[in-house]
Amino acid sequence: TEAIGLYNLGQSCCLNSLLQVFLMNIRFTRILRRITVPSSPAQRRKNVPYQMLLLLEKMQCGKCKAVSPTDLACCLSEHRVKLFVQHDAAQLFLTLWNLLKKQMKKPELVEELSDLYTICIQEHLACQKCSFEVKSNSTMLTLPLPVLDANSHRLKTLEDCLQYFFHPEELTGQNMCFCQQCGRKTTFLQSMKLVHLPQTLTLHLKRFCFERSSLTHKLSHHLPFPQELDLREVLTESQCQADDSEKATWQYELFAVVAHSGSSSCGHYCAYVRRLTDCKWYCFNDSEVCQVSWDDVKCTYGHSNLCWRETAYLLFYMKKHPQ
């Protein structure tokens, strides 16, 4: 129940921030506490869910202001997760989640973990010359939201980013697709439709982009995000492929923000998490933890003239009325 920090092992701020978001999520820790403990010491050292559980117990049982995630970091290195290097939070989040899912032996826990985090999307391709169309469902861990449109204009709000992600795109020129009915490449209309949303919805603001020089550039412009998010009000009927009972659960409250400060080549991560037991916001900056206000969290909206300041990168929303 206490907010405990994690010592920085050397460029481990990204890992620390993501661990805090995982372990402060009560729905996730309920799954974690039911894992099968590996039988041998060697297996336990290499088991990510088990090492994460040990870290959780260490954080909850200790009386220190911070604990060291050394054993978990060594475990991750056994799975080719590099230590003492800068990580991208979105990529590391996917890596951690895949390792957790792979090493949880109980099928019911794997299913619960998927229900907790997995987004279901339907991709729809329709030929613009005839009636031929293709539909396929796929799952995603995060929604990768552009913060610029196709003309490199800044999108002004999180809701704008969501609408743009689901906006249909015409595939022309080199992007044309082969139509089985027409027997040649034709112009297609590509659209994404939302089918199912998880208990914890993760949104990835694509703040890092490649320039023509192939260098990565950080986009730090102002982009506000709400404390409460209702996807039924954001998306149109044509952008959804779900029934009314599914849509009724699409009301979310902001649970956590992983923020990045600095440049694309040299930066630092911290996490802002709303503790579910008292609904108060806390900033987890490695070993330092302090209570903050919503105004402090809003400082991660970004500012074009202050590129080195904290900017929200991953947003975690939690369902208000889970099924």
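Tutor: Start with helix α7, where Pro107 and Glu111 are exposed. Exposed means over 50% relative accessible area, buried means under 20%, and partly exposed is what falls in between, with a 1.4 Å probe and protein chains only. Helices (H or I, at least four residues) and strands (E, at least two) are DSSP runs, numbered from the N terminus.

The model is predicted, so local features need pLDDT of at least 70 and side-chain atom pairs count only at pLDDT 80 or more, while totals for chains, interfaces and linings use all residues. Residues are numbered from 1 along each chain as its sequence is written, and side-chain values use heavy atoms, with hydrogens and water left out.

Helix α7 spans residues 107–117, and its buried residues are Leu109, Val110, Leu113, Ser114, Leu116 and Tyr117. These residues lie on the same side of α7, because they cover an arc of only 160° around the axis; the arc is that of the directions from the helix axis to the C-beta atoms. In general, an α-helix has 3.6 residues a turn, so residues three or four places apart point the same way. Pro107 and Glu111 are on the other side of α7.

Strand β3 (residues 119–127) runs antiparallel to β4 and is joined to it by 8 bridges. Two strands count as paired if DSSP finds at least two bridges between them. Within this pair, alanine 126 has glutamate 133 of β4 opposite it.

Now the chain as a whole. It holds 11 helices and 18 strands. Its radius of gyration is 21 Å, close to the 20 Å that the globule rule gives for 323 residues, so the chain is as compact as a globular protein of that length. That radius is taken over C-alpha atoms, and the globule rule is 2.2 Å times the number of residues to the power 0.38. Along the principal axes, the C-alpha atoms fill a box of roughly 65 × 50 × 40 Å.

Of the 323 residues, 49% count as buried. The chain exposes about 16100 Å², and carbon and sulfur atoms supply 50% of that area. Accessible areas come from the Shrake-Rupley method with a 1.4 Å probe, and for residues only the protein chains shown count as cover. Among contacts with a separation of 6 or more, 66% are between residues 24 or more positions apart, where contact means heavy atoms within 4.5 Å.
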